[in-house]
Amino acid sequence: MDKFKDECGVFGIFGHPEAANMTYLGLYALQHRGQESAGIAASDREEVRVSIGMGHVADVFNTDVLSRLPGDMSCGHVRYSTAGESRLSNAQPFLIDCAHGQIGICHNGNLVNAGELREELVRQGSIFQSTSDTEVVLHLYARSKAARVEDALVESITQIQGAFSFVLMTKDRLIAVRDPHGFRPLALGRLGAAYVVCSETCAMDLIGATYVRDVDPGEVVVISAAGLRSIKPFPAAPLAHCVFEHVYFARPDSYVFGRSVNEVRTNLGRILAREQRVDADVVVPVPDSGVCAAMGFADEAGLPLRMGLIRNHYVGRTFIQPQSAIRDFGVKVKLNPVRSILEGKRVILVDDSIVRGTTSRKIVGMVRAAGASEVHVRISCPPTISPCFYGIDTPRRSELIAATHTLDEVRDFLEADSLGYLSHEGLMTAVGTGRTGYCSSCYTGQYPVEFPRDEKSYLQLALKLDKESIPR
Ligand code: SF4
């Protein structure tokens, strides 16, 4: 499907006798955030051991593998590659042994100055094992002359810029770190006497943990036998929570940035219905991501909500295409229209975003072919006009249909009867903060964290943006 790609999910637990098993379950709940690789590290306070593999959590781990990860502390990661290729050497947790002892790291986000730092480190003799931006943090940490683990860590993380929610683990400490802008979510909870940190609260629900609070933007939380200690090493910075977590990435049963994703997403649909009214008979979501917004839309518009498109949840990542061409096979294998709902109806089709427009066009065609008399497309976010540099995989700017086409041109391309997006004001009203506190760069092209001007970072920008639209 033509979507921005999910990023990564992180999980950590301290003080639980089945720590690795709990991490496995936590990663299961976070699987939607990354499906390329999965990994778990665990410590019995003597040694940190790690197991990683390519594929889904269920493919990588079984009872045998988990039994080789003893201890009451653990952290884990599910990955979709946003920086660095998809290969085993880039799978996390990364584990190193250095002068400060063993340390494992799990990262959600993207460091915008990793290229610059890496070049400098390589010049000074560092040898990198992966192409991931995360490894830079470990090199900075290993080179620190600070005597204490926390001080060495603070020294390294205060040199990096961009989006980072980290869960790190030494043999006797679990450490959670969130960048000062708070791009990516990171929640803190309790499971009996144990502490839990994770990208989304849905991971706590599965293991019966209770959400306590978010790790604050710019906070380092150190959990050890002595309890929980909070350090705030970064200067205050403007908040830039990723609004797309609410629009699409996070699971609707999660709380991120202190708000229910379901509630925000339903509000997006309600406001969209007020802003983009149209006479119609039925509201149909594009499953699954369009469902919450469609519910809000239908409620507000006083129209029936019907599941006019059914998603096949059992399609794997790849499937064998037939020799003979079947039109729009890739979409058809995942979605199928329900003729009895669509036939003769004026349909409002609600989706969360349009990226290139190619999939949306096929879905509109599919609904029309099933007998809809009109198809009105409504999108629960503003037009996506700029790529992301903070941990989300997006196509380059020239491939984003809304960046290169007018509203009417996009509508014509989709072959829809009408097209309406949520306004930026509507989006900010739904998340409930006015215009502050959130990153919405993919809708505005205004980036909250400046990009370094070294050649590698510039190349990364130039690849994704048209050169003339590189932010100053
Ligand atoms: S650019 Fe978009 S996807 Fe990236 S962090 Fe900002 S809001 Fe999220």
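Predicted model: local features only at pLDDT ≥ 70, side-chain atom pairs only at ≥ 80, totals over all residues.
Residues are numbered from 1 along each chain as its sequence is written, and side-chain values use heavy atoms, with hydrogens and water left out. Helices (H or I, at least four residues) and strands (E, at least two) are DSSP runs, numbered from the N terminus.

**The seven-stranded sheet**

- Seven strands form an open sheet in the order β3-β2-β4-β1-β10-β9-β11, with antiparallel pairing; two strands pair if DSSP finds at least two bridges between them.
- β3 (48-54) and β11 (210-214) are the edge strands, and each pairs on one side only.
- Neighbouring strands of this sheet are turned by 15 degrees against each other on average, direction ignored; axes are lines fitted to C-alpha atoms, for helices over the stretch in contact, and angles run from 0 to 180 degrees between N-to-C directions.
- Within this sheet, β2 (residues 37-43) pairs with β4 (residues 73-79) in the antiparallel sense over seven bridges.
- Ile40 has Gly76 as its bridge partner in β4.
- Helix α1 (residues 19-29) lies across β1 (8-14), β2, β4 and β9 (187-191), and runs at about 25 degrees to β4.

**The six-stranded sheet**

- A further open sheet has six strands in the order β5-β6-β7-β8-β12-β13, with antiparallel pairing.
- β5 (94-98) and β13 (227-231) stand at the edges with a single partner strand each, so one side of each has no neighbour in the sheet.
- In this sheet, neighbouring strands are turned by 20 degrees against each other on average, direction ignored.
- β6 (residues 101-111) and β7 (residues 162-169) run antiparallel and are joined by eight bridges.
- Asn110 has Ala163 as its bridge partner in β7.
- Helix α5 (residues 135-143) lies across β5, β6 and β7, at about 15 degrees to β5.
- Helix α6 (residues 149-157) lies across β7, β8 (174-178), β12 (220-224) and β13, at about 25 degrees to β8.

**A pair of packed helices**

- Helix α9 (residues 261-275) packs against helix α16 (residues 424-431) at an angle of about 145 degrees, and the axes are 9 Å apart.
- The contact (heavy atoms within 4.5 Å) involves Val264, Asn267, Leu268, Ile271 and Glu275 of α9, and Gly426, Leu427, Thr429, Ala430 and Val431 of α16.
- By class, this contact has six nonpolar, three polar and one charged residues; Ala, Val, Leu, Ile, Met, Phe, Trp, Tyr, Cys and Pro count as nonpolar, Asp, Glu, Lys and Arg as charged, and the others, Gly among them, as polar.

**Cavities**

- A search of the whole structure finds three cavities of 30 Å³ or more; a cavity is a set of points on a 1 Å grid over the protein atoms alone where a 1.4 Å probe fits but cannot get out, and its lining residues have an atom within 4 Å of a point.
- The volume of the largest cavity is about 100 Å³, where grid points are joined across faces, edges and corners and a volume is the space filled by probe spheres set on the points.
- Its lining has 15 residues, and Arg184, Cys242, Cys388, Cys439 and Cys442 lie nearest the centre of the cavity.
- Helices α8 (243-249) and α17 (441-444) each supply at least two residues of this lining.
- The lining of the largest cavity has twelve nonpolar, two polar and one charged residues.

**Backbone spots**

- Gln92 and Pro93 are joined by a cis peptide bond with omega of about 10 degrees, and Pro93 is in the loop between β4 and β5.
- The peptide bond from Pro287 to Asp288 is also cis, with omega near -5 degrees, and Asp288 is in the loop between β17 (282-285) and α10 (291-301).
- Arg45, a residue other than glycine, has a positive phi near 75 degrees, and its place is in the loop between β2 and β3.

Terms used:
1 Å grid on protein atoms, 1.4 Å probe; cavity = no way out; pocket = protein on both sides within 12 Å on 5 of 7 lines; lining within 4 Å.
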